[in-house]
Amino acid sequence: MYLDTSTIKQGHKTYIRHLLRESYREGKKVRHRTIANLSKCSPEEIEAIRLALRHKKDLAQLTSGQNKDVSLKQGLSVGAVWLLHSMARQLGIADALGTTQQGKLALWQVIARAIDQGSRLSAVRLAGSHAACDVLGLGKFDEDDLYDNLDWLSDNQAAIEQRLIRGHIRTPTPGLFLYDVTSSYLEGTQNELSAFGYNRDGKRGKRQIVIGLLCNETGVPLSVEVFAGNTQDTRTFASQIKKVSERFGVGEVTFVGDRGMIKSGQVEELGEQGFHYITAITKPQIETLLRTGVFQMSLFDKGRAEVQATEGLRYVLRRNPVRAEEIRKSRQDKLLSLRKAIDKENEYLKGHKQAKIQTALKRIQAKSLRLKLSGWVTTLAEEQQIVQRIDESAFTEEAKLDGCYVLKSDLAEQSATKETIHDRYKDLTLVESAFRSSKTVNLELRPIHVRLASRTRGHVFVVMMAYRIIQELAVRWQHLDMTVEEGIGELSTLCANEVSFNGKEKCNQIPEPRTSVKKLLEAANIQLPDVLPSRGVIVTTKKKLTSRRKVK
């Protein structure tokens, strides 16, 4: 009995066929017959069957240490790779990427990003200590292959995202989309998409890229897009409308975006497609509507109030008492800071009769302007001292909208209540959480070790898919006293035992994990195999660290 494997190429596709066959004699002729078609078996199962057939007479001693022809030694780390690969399969990411070499390389980049955040060079080194090739069925590769794979991801991103949303991400087809943008600064100047723009990271003098993330109503990322660093938020919105209408093929659609994202121009674009929106309006817009009598201040003290305006517009009003108290304390702290600065200047003026009071006054007025207190705080020079005066009426006017916000939507009352509109807008925090995890906490989007536009987009796409896995693990491990990062690190300590037969044939025997690892696997609903085939692939980098070190 033996395995008969053949490879068939048809166009750009490759098909592998596995048959379990046996030989027998019919007279003087040797004939063959097929016992079973094993083509649907995984590569791991095929290798296990092949190994068992080779040792069918001593199968019980295959992994036994009593066999003198069997040797054991520590193998590669298998726990984290097996977990993340299994999660990618459950979430449909593995199927969306495909089973080609490029698809498997892309999947390894996603897994490597979740295990250890680094460059393509570090991802290759990581594959040398983790069982990437054995679990994913990969052949030999180096950092150049991973850079080329980023180009492949960029070229195929639309098709991969479409496969994810249409069945591989286990959520209903969304009718509501959360959209927001962020920026990520760059250390270098050679990235093709880098430009100076509004930097949300507070890094002055740094070029950046702009990233737009589209999620469903539960915060599951569906699509990510990278723009030049000087792209305004509103300029990124049109492509999202086109993407939803053409690529995802959904019915009734509602976009949720903040006040800086969905403005009058974007409302018109949504209306042309028959889409709806939920957004917020700015403080000057609220003041205008108060002056024109569309709604009154008293409504802010009635919990969630709703006002239906003309042309099908609905406004949902609310005052957040917690936020109002935060603003009040912040204003008092600023006023105290200004008061201390005035006292310091007055003390200096008192001890230095030749000092010019106008120079000191200019410094105080500049500070008042910087703290945004000049609207109700006046600083004057009287004799040789600076005095502060507060306009109580202006202060009352300034503070009347503390903690107040107004949401705007064109959804019909039958489609969404005021509570639904409010709650869906608050769900934008899910996108902010995705940005936070992707940029700093778990996945470290920065530094971006690429320069080409296509590879930058591929890199960000890898981070988005890795975030989807991290997001799901956070849900499954929420009852454990351990972060996702710590959990993956714990699983990385689980190594296979490499079993060699006669110094040639090898397989990976998975030992029983310790209690902490077992709890992580059980919580994630992942089961380890007993034996994993060993492909014997050795992955190394082209660039060697030793060649880049300075020898003293």
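This report describes the overall form of a predicted protein model and then some of its local features.

Residues are numbered from 1 along each chain as its sequence is written, and side-chain values use heavy atoms, with hydrogens and water left out. In this predicted model, local features need pLDDT of at least 70 and side-chain atom pairs count only at pLDDT 80 or more, while totals for chains, interfaces and linings use all residues.

**Overall form**

The protein chain contains 19 helices and 17 strands, where helices (H or I, at least four residues) and strands (E, at least two) are DSSP runs numbered from the N terminus. Its radius of gyration is 31 Å, whereas a compact globule of 552 residues would have a value near 24 Å. That radius is taken over C-alpha atoms, and the globule rule is 2.2 Å times the number of residues to the power 0.38. Along the principal axes, the C-alpha atoms fill a box of roughly 120 × 70 × 45 Å.

Of the 552 residues in the protein chain, 47% are buried; buried means under 20% relative accessible area, exposed over 50%, and partly exposed in between (1.4 Å probe, protein chains only). The protein chain exposes about 29,400 Å², and carbon and sulfur atoms supply 48% of this area. Accessible areas come from the Shrake-Rupley method with a 1.4 Å probe, and for residues only the protein chains shown count as cover.

Among contacts (heavy atoms within 4.5 Å) between residues at least 6 apart in sequence, 64% join residues at least 24 apart.

**Aromatic residues**

A search of the whole structure finds 7 aromatic pairs. Rings of Phe, Tyr and Trp (its six-membered ring) pair if their centres lie within 6.5 Å; planes under 30 degrees apart count as stacked, over 60 as edge-to-face and the rest as tilted. The rings of Tyr179 and Phe237 have centres 6.0 Å apart and planes at 55°, and the pair is therefore tilted. This pair links distant parts of the chain, since Tyr179 belongs to strand E5 (residues 176-185) and Phe237 to helix H8 (residues 237-248), 58 residues apart. Both Tyr179 and Phe237 are buried. One aromatic cluster is formed by Phe177, Tyr179, Phe237, Phe255 and Phe275.

**Residues with positive phi**

Most residues other than glycine have a negative phi. Lys372 has a positive phi near 60°, and Glu383 has a positive phi of about 55°. Lys372 is in the loop between helix H12 (357-370) and strand E12 (377-382).

**Loop residues and their accessibility**

| Residue | Relative accessibility | Class |
|---|---|---|
| Lys372 | 67% | exposed |
| Glu383 | 80% | exposed |
| Gln296 | 43% | partly exposed |
| Thr417 | 39% | partly exposed |

Gln296 is located in the loop between helix H10 (283-291) and strand E10 (305-308). From C-alpha to C-alpha, Gln296 and Gln208 are 42 Å apart in space, and they are 88 residues apart in sequence. Thr417 is in the loop between strand E14 (404-409) and helix H14 (418-426).
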